[in-house]
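Trainee: Could we go through this structure together, a few residues and elements at a time?
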Amino acid sequence: MSQRKIYYFDNNATTRVAPEVVEAMLPYFTQQWGNPSSAYSFGHDLIKAIELAREKLAALIGCDAREVIFTSCGTESNNTAIHSALLTNPKKRHVLTTSVEHSANIKFCKHLESQGYEITRLPVERDGSLDLHLLAESIRTDTAIVSVMWANNETGVLFPIEEISAICQSRDVLFHTDAVQVAGKMKIDVQSLGVDFLSLSAHKLHAPKGIGVLYVKRRTPFQPYIIGGQQERGRRGGTENVPYIVAFGRAAELALEGIQDENTRVRRLRDRLEDFILQKIPDTTRNGARNERLPNTSNVAFGGVEAEAILLLLNQLDICASSGSACTTGSIEPSHVLSAMGLPPDLARSSVRFSLAKYNTEEDVDVLIQHLPGVIQRLRAESPVAAELTS
Ligand SMILES: Cc1ncc(COP(=O)(O)O)c(C=O)c1O
């Protein structure tokens with residue numbers, strides 16, 4: 001079956017699985033499909049494949065392989081880190097986080113609130129940045145953990161994780177960062193970051209969905225979230241997903257090799273697209289700081305036009321982009337991230353995220369640039385509000 005050409009600008013939602021990654025994982029479905037916990041070598045030998053993958057993940061983030069725990073996804077990794085901090089510090093019932101985290105964190109914290117925990121959600125500035133003085137002031141004697149994402153999935157805005165980590169260390173409080181959107185796009189070195197916990201998700205770096213990692217610094221107290229067998233040295237129960245673990249290992253290896261490309265070629269493509277939109281399409285604004293940002297992400301407000309309408313017309317042209325985070329697509333609520341940045345609801349609802357990655361080409365950007373002005377013009381012509389705005 002021949003596949004239609006898709007112009008894919010939604011790599012922060014998920015990425016295409018790299019052919020090298022598929023190749024690496026297939027034998028673990030078809031030939032070496034045993035259970036690593038079995039006593040016989042057909043199963044037991046798989047431990048070697050898991051440990052090799054663990055070393056590759058450790059190399060990606062600069063840690064010891066024993067500090068890497070395989071989980072089922074980024075969501076589980078985030079939940080596990082916060083849950084562990086609360087369990088190992090039962091007297092501390094406060095969590096400090098931000099108002100722009102992924103729902104993997106936002107919804108978990110809401111759940112914690114319903115269980116009697118206290119949550120402080122730090123506001124952000126208009127450009128998406130955090131006030132670190134406010135962060136430091138908001139740490140309390142009963143704060144069990146500070147959880148702050150590294151890169152925002154909607155805007156690509158980066159938080160200064162090393163500085164936040166230093167603040168947490170000086171106040172003797174555990175620190176978790178959600179690095180799901182950073183892996184593969186920027187260098188990660190947990191030693192220099194000094195974080196206690198760091199979350200990753202494989203499907204953001206050209207591996208399958210449904211496999212993640214939680215880094216736990218050696219000597220950081222830890223309690224598992226999924227309780228069962230002795231897998232992951234008792235830190236995460238459940239029979240290991242060997243094919244996906246192997247896939248994640250291979251993807252981590254490729255990601256390390258590809259970081260240069262991400263920061264030169266992909267960044268250039270993103271800038272070309274963004275500069276075009278801001279210069280050639282009237283009444284457009286970038287959401288988020290220009291510089292303190294992931295190299296692949298652009299979030300733009302198209303004044304007076306509903307993002308959902310833009311996405312629908314782009315979809316008819318086989319162009320994929322998104323409004324806000326993929327997990328909230330379909331909801332009519334404006335993005336909580338853009339709202340926290342102070343965008344009025346109508347502008348938040350008119351914002352589209354374009355996120356690129358290694359399989360994007362100049363041709364993809366050519367196609368988008370060719371069609372986007374017409375799409376916006378057509379929608380503005382159909383909308384009396386927009387017509388008024390641009391007249
Ligand atoms: C910043 C961030 N954190 C966590 C997640 C959740 O990862 P997963 O889909 O593996 O559960 C995502 C996914 O979109 C994300 O962008």
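Mentor: Let us start with alanine 81, which counts as buried at 0% relative accessibility; buried means under 20% relative accessible area, exposed over 50%, and partly exposed in between, with a 1.4 Å probe and protein chains only. Please note that this is a predicted model, in which local features need pLDDT of at least 70 and side-chain atom pairs count only at pLDDT 80 or more, while totals for chains, interfaces and linings use all residues. Residues are numbered from 1 along each chain as its sequence is written, and side-chain values use heavy atoms, with hydrogens and water left out.

Trainee: Where is the place of alanine 81, and what does it touch?
Mentor: Alanine 81 sits in helix α5, residues 74-88. Helices (H or I, at least four residues) and strands (E, at least two) are DSSP runs, numbered from the N terminus. Not counting residues up to four places away in sequence, alanine 81 touches Ile145, His176, Phe197 and Leu214, where contact means heavy atoms within 4.5 Å. The C-alpha atoms of alanine 81 and glutamine 223 are separated by 8.8 Å, although the two residues are 142 apart along the chain.

Trainee: And leucine 256, is it buried, exposed or partly exposed?
Mentor: Leucine 256 has 42% relative accessibility, so it counts as partly exposed. Leucine 256 belongs to helix α10, residues 242-280, and touches Ala59 and Leu60, again leaving aside residues up to four places away in sequence. Its C-alpha atom is separated by 33 Å from that of glycine 228, 28 residues apart along the chain.

Trainee: Leu60 is in α4, then. Which residues of α4 are buried?
Mentor: They are Leu46, Ala49, Ile50, Ala53, Arg54, Leu57, Ala58, Leu60 and Ile61. As for length, the 16 residues of α4 (46-61) should span 22 Å at 1.5 Å a residue, and the end C-alpha atoms are 23 Å apart, which agrees. The expected span is 1.5 Å times one less than the number of residues. Glycine 62 follows α4 and has a positive phi, near 75°.

Trainee: How does arginine 233 look, buried or exposed?
Mentor: Arginine 233 counts as exposed, at 57% relative accessibility. Arginine 233 also has a positive phi, of about 50°, although it is not a glycine, and is found in the loop between β8 (212-216) and α10.

Trainee: Thank you. That covers my list.
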